[in-house]
Structures are given as structure tokens and as C-alpha cells.
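Trainee: I would like to go through this model label by label. For each term, show me the value and the cut-off behind it.

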Amino acid sequence: EAEEQAVREVAQAVLVAYENRDSEAMVDMCDEPFMNLGIVFRGRDSMRATFEAFFAGLGDTRLNILEEIGLEFVTPEVAILQTRFEFADRPPDADGNHQPPEQYYDANVYVKKDGRWLRKAAFLRPITAALPIESVSR
């Protein structure tokens with residue numbers, strides 16, 4: 001339970017860094033190399049520049065966690081946290097039209113190094129059809 005709480009605290013700190021558009025805090029929570037959306041980042045400067053550019057284009061976009069799908073420990077030092085979230089209050093499109101929220105499935109891989117949980121990778125998949133998780137067969 002203590003390790004679950006520790007991973008969830010890092011996940012919450014990621015949300016706070018997102019809200020505050022705090023690239024430095026985001027980088028501090030990442031292990032190296034860090035994979036984000038299929039791109040591997042090596043070096044703190046590379047990660048920082050990427051988060052700064054990402055945050056600069058967000059406008060008033062908010063990230064809302066809609067559901068925690070699960071937290072699983074693969075080993076005592078590796079955990080995967082899966083959620084369903086949305087980007088809300090997105091900037092207008094190129095024609096100035098309001099954009100509705102977008103929902104995604106998200107999987108974050110966390111590793112424990114020197115007693116501290118860090119993000120190792122983040123994977124997103126857009127939700128294009130509103131299927132409840134329970135309706136998907138295993």
C-alpha cells in the first residue's frame with residue numbers, strides 16, 4: 001500500500017506540474033532515457049525543451065483524470081498506472097471554432113530508483129468510440 005501511494009503521489013505531482021506548466025518539475029519526475037508518445041528523450045535539456053514547447057501551445061487546456069483503470073506492479077521497482085483522461089478547454093481550431101474535449105487512454109510506466117519513483121514512459125491512445133471498458137472482451 002505504501003508503494004501504491006508513492007506512485008499515485010508522483011502521478012498527482014505530474015498533474016500539478018501540468019496545471020502550472022512547470023517544465024522543470026516535469027523533468028525532475030522523469031527517468032532517463034524517458035519515452036513520451038513514442039519519442040525517446042535523452043538528457044534533461046532535451047526533455048525540458050520539449051515540455052516547454054508542449055506547454056507553450058496548450059493555452060487554457062486542462063487535463064482531467066476521468067477514471068483510474070488500474071495500477072499494477074510488474075516488479076517491486078516497476079509499476080504501470082493506466083487511466084482514462086480528457087483534455088478540456090482546448091484552444092480553438094485553425095478556423096477559430098471551439099474544440100470539444102478529447103479523451104485518451106493513458107499508460108505511465110514508473111520505475112523506482114534510489115528509493116524514488118520516476119516516470120519512465122508515457123503512452124497515449126485517443127478514444128475514438130465511446131466503449132465502456134467492461135464491454136471489451138479479454
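Trainee: Where does E3 lie, and why is E3 called partly exposed?

Mentor: This is a predicted model, and in it E3 sits in helix α1. Its relative accessibility is 31%. Buried means under 20% and exposed means over 50%. The value falls in between, so E3 counts as partly exposed.

Trainee: What does E3 touch beyond its sequence neighbours?

Mentor: Setting aside residues up to four places away, E3 touches F73, K112 and W117. Contact here means heavy atoms within 4.5 Å. M29 is 26 residues from E3 along the chain, and their C-alpha atoms are separated by 16 Å.

Trainee: Which residues does F73 contact?

Mentor: Leaving aside neighbours within four places in sequence, F73 is in contact with E3, E4, V7, V78, A79 and W117. V109 is 36 residues from F73 in sequence, with 9.7 Å between their C-alpha atoms.

Trainee: Back to α1. What makes A2 exposed?

Mentor: A2 is also in helix α1. Its relative accessibility is 61%. The cut-off for exposed is over 50%, so A2 counts as exposed. From A2 to A17 is 15 residues in sequence and 23 Å in space, C-alpha to C-alpha.

Trainee: What is the peptide bond from E32 to P33, cis or trans?

Mentor: The bond is cis, with omega near -10°. Most peptide bonds are trans.

Trainee: Where is P33, and why is P33 called partly exposed?

Mentor: P33 lies in strand β1. At 30% relative accessibility, P33 is between the 20% and 50% limits, so the label is partly exposed. Beyond four places in sequence, P33 touches V40, F41, R42 and K120. S23 is ten residues away along the chain, and the C-alpha atoms of P33 and S23 are separated by 16 Å.

Trainee: Which loop holds L37, and what is the phi of L37?

Mentor: L37 is in the loop between β1 and β2 (39-41). Its phi is near 55°, positive in a residue other than glycine. Most residues other than glycine have a negative phi.

Trainee: What about D114: which loop, and buried or exposed?

Mentor: D114 is in the loop between β5 and β6. Its phi is positive too, about 50°, although D114 is not a glycine. The relative accessible area is 84%. That is over 50%, so D114 is exposed.

Trainee: Now the core. Which residues of the largest nonpolar core touch the most other members?

Mentor: M26, F34, M47, F51 and Y110, out of 25 residues. Two or more residues come from each of α1 (2-20), α2 (23-28), β1 (30-36), α3 (44-56), β4 (78-88), β5 (102-113) and β6 (116-126). The largest share, six residues, comes from α1.

Trainee: What does Y110 touch?

Mentor: Beyond four places in sequence, the partners of Y110 include V7, V10 and A11. Among the others are E77, V78, A79, L81, W117 and L118, along with R119 and K120.

Trainee: How many helices and strands does the chain have?

Mentor: Three helices and six strands. In sequence order the pattern is α-α-β-β-α-β-β-β-β.

Trainee: How do you know that the radius of gyration agrees with a compact globule?

Mentor: For 138 residues, a compact globule would have a radius near 14 Å. The chain has 16 Å, which agrees. Along its principal axes, the C-alpha trace spans about 50 × 40 × 25 Å.

Trainee: How much of the chain is buried, and what is the accessible surface?

Mentor: Of the 138 residues, 33% count as buried. The accessible surface comes to about 8500 Å², with 52% belonging to carbon and sulfur atoms.

Notes: Residues numbered from 1 in each chain as written. Predicted model: local features only at pLDDT ≥ 70, side-chain atom pairs only at ≥ 80, totals over all residues. Heavy atoms only, no water. Helix = DSSP H or I, 4+ residues; strand = E, 2+ residues; numbered from the N terminus. Rg over C-alpha atoms; globule rule 2.2 N^0.38 Å. Buried < 20%, exposed > 50% of the residue type's maximum accessible area, 1.4 Å probe, protein only. Areas by Shrake-Rupley, 256 points an atom, 1.4 Å probe, with all protein chains shown as cover. Core = buried A, V, L, I, M, F, W, Y, C linked by side-chain atoms within 4.5 Å.
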